[in-house]
Amino acid sequence: MKWSNKGQGTNLLANWNMDLIQLNIGGKIFVTTRSTLSRIPNTKLSDLKESSVHYRSAHKEFFFDRDPEAFACILNYYRTSELHLSHKLCGNAIRRELEFWGMDISIVSSCCWKRLFEVDEDEKVLNNLKEGIADESGLLDNNNSTKSKRHLLKHRIWLLLDKPNSSTAAKIWNWIFLVLVFLSAGIFCLETITSFRLPKDTDKYHTDFNVTNPKVREFISTQLHPALMITEVICLMVFTIEIALRWFCCPAPLKFVMSFLNVVDIITVCVGWMAVTIELYYFLTGNTETMTIAYVSFGLRCCYILRLFRFFRLKEKYTGLKVMWLAIVQSKDELVLLVISFLILSTILGSTTYYCELENSAFSSIPQAIWWAVVTMTTVGYGDIYPVSAPGKIVGTVCSLCGLLIISMPIAIIAANFNQYHNHNKQFQRIMGEKKRSKIKYASSRGINTQQTNLTSY
């Protein structure tokens, strides 16, 4: 009887050893059983046979040149029916491994979805940064090695004017351009102050300024201080030369003139010269200025507000502003949600306040009450109108609290998007810098002109 039990134990041990299977994954040995691998049918591991090309008879194992870290997670799925990802794994890496082993991505446990899909968000951010920051609009021409000296000179001027990071000279010029933009905007603001305007010579201008609007009357009957006028003409000359050189040296002139900001810049320069020419002509010649000409000059000055659009050009020149703009664009869904929620709540609360304040003449209509709700929800609180009844004050309290909640939640998401773009941009700029240094080092070792390499690296 003892001999019989010993024989049965030997048979069980032999059967168990036959059920064992050894897997060599990238040099790391994994041992499991065939019954474990057969739990998930129609996969590469469930159909392993000794006739497979992966079987090594000398070592009695199956060899796969794959990632052992990812395979450990996959093998645990056969054991536990739950696929959990290691913190060392990238989402794209586990996707490739699952595809190789014949498994679907949907088997990943929900607790690991964030690790699996966060790589998609990172790739989306990096692609947006590459499109928005690196060589926008495809305007750069990288085939300078076969071009003439004239073409290289034009390309250098283009980089100097449009790419601040291309050289030290480009950085200096862009700081000068920034100062001129702020100076021009400052003159635009100062010209509306009476202290910076001089009355026109009444003997020279025989015009009856019969205008009821005090702002228009002051603008027509006075002229800009000569110092500000000279400064404005100098800024206008620089902007004119700058836009002309950028167009002349641009590798793609057609794309240049199709750009919205460039079109606005050209219109601004033209309007500015027309306004300045009219003022200088009557100032220097002493001819009589008619009311029609005065109104035309005033209209041109009003249109000259387009000069403030030059601030948007700074977005094209400075990476930090580009990152901020990209974060706002990518947060459009949250912004739409914010606007819709804001409009719905302001309409509901404004209408409720109107009927709660029937005896309050300040709330003359529902649109007026909605305006009060908007001001209250944004925590501005002008104080021009306010509820006086108890129900109205209760609605006002609810309106303030709703404003804090509705505005703060989407803003937090937008701030998180900006932080994500900002961090990825720092990494992106670092990698681009390393690539540039490697390229210059390689060019130097080969005896290639490093200055030319600099030009083609942006």
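This is a predicted model: local features need pLDDT of at least 70, side-chain atom pairs count only at pLDDT 80 or more; totals for chains, interfaces and linings use all residues.
Let me start in the loop between helix H12, residues 291-303, and helix H13, residues 310-317, because that is where Arg-307 lies, and because Arg-307, at a relative accessible area of 2%, falls under the 20% limit and is therefore buried.

As for the geometry, two packed helices are described by the angle between their axes and the distance between the axes. For H8, residues 214-221, and H12, the angle is about 110° and the axes are 10 Å apart, so the two helices count as roughly perpendicular to each other.

The protein chain has 458 residues, of which 36% are buried, and the chain contains 18 helices and 6 strands. Among contacts between residues at least 6 apart in sequence, 65% join residues at least 24 apart.

Now to the cores. Which residues touch the most other members of the largest nonpolar core? They are Leu-23, Leu-45, Leu-48 and Phe-71, in a core of 28 residues. The elements giving two or more residues to this core are strand S1, residues 20-25, strand S4, residues 61-64, helix H3, residues 68-80, and helix H4, and it is H3 that gives the most, with 7 residues. Phe-71, once its neighbours within four places in sequence are set aside, is in contact with Leu-23, Ile-25, Phe-30, Leu-45 and Trp-101. There is also a second, separate core of 13 residues, and this one includes Ile-187, together with Met-229, Val-276 and Ile-278.

Staying with H4 for a moment, this helix spans residues 91-100, and its buried residues are Gly-91, Asn-92, Ala-93, Ile-94, Glu-97 and Leu-98. After H4 comes Gly-102, with a positive phi near 75°.

That brings me to backbone angles in general. Most residues other than glycine have a negative phi, and most peptide bonds are trans. Against that background, I would point to Ser-81, which is not a glycine and yet has a positive phi of about 65°. Ser-81 sits in the loop between H3 and H4 and, at 52% relative accessibility, counts as exposed. Thr-379, also not a glycine, has a positive phi of about 60°; its place is the loop between helix H16, residues 366-377, and helix H17, residues 390-445, and with a relative accessible area of 54% Thr-379 is exposed.

The residues in contact are Ile-328, Val-329 and Gln-330 on the H14 side, and Lys-332, Glu-334 and Leu-335 on the H15 side. By class, that contact has 3 nonpolar, 1 polar and 2 charged residues.

Of these, I would like to follow Gln-330, which belongs to H14 and which, at 21% relative accessibility, counts as partly exposed. Which residues does Gln-330 contact, leaving aside its neighbours within four places in sequence? The answer is Lys-124, Asn-128, Asn-417 and Tyr-421. Gln-330 and Val-125, moreover, lie 205 residues apart in sequence, while the distance between them in space, C-alpha to C-alpha, is 9.0 Å.

I will finish with the cysteines. How many disulfides does a search of the whole structure find? The search finds 0. Cys-90 is partly exposed, at 38% relative accessibility, and Cys-189 is likewise partly exposed, with a relative accessible area of 48%.

How values were computed. Residues are numbered from 1 along each chain as its sequence is written. Side-chain values use heavy atoms; hydrogens and water are left out. Buried means under 20% relative accessible area, exposed over 50%, partly exposed in between (1.4 Å probe, protein chains only). Helices (H or I, at least four residues) and strands (E, at least two) are DSSP runs, numbered from the N terminus. Axes are lines fitted to C-alpha atoms, for helices over the stretch in contact, and angles run from 0 to 180 degrees between N-to-C directions. Angles under 35 degrees count as roughly parallel, over 145 as roughly antiparallel, 65 to 115 as roughly perpendicular and the rest as oblique. A disulfide is a pair of cysteine sulfur atoms within 2.5 Å. Contact means heavy atoms within 4.5 Å. Ala, Val, Leu, Ile, Met, Phe, Trp, Tyr, Cys and Pro count as nonpolar, Asp, Glu, Lys and Arg as charged, and the others, Gly among them, as polar. A nonpolar core is a set of buried Ala, Val, Leu, Ile, Met, Phe, Trp, Tyr and Cys residues joined through side-chain atoms within 4.5 Å.
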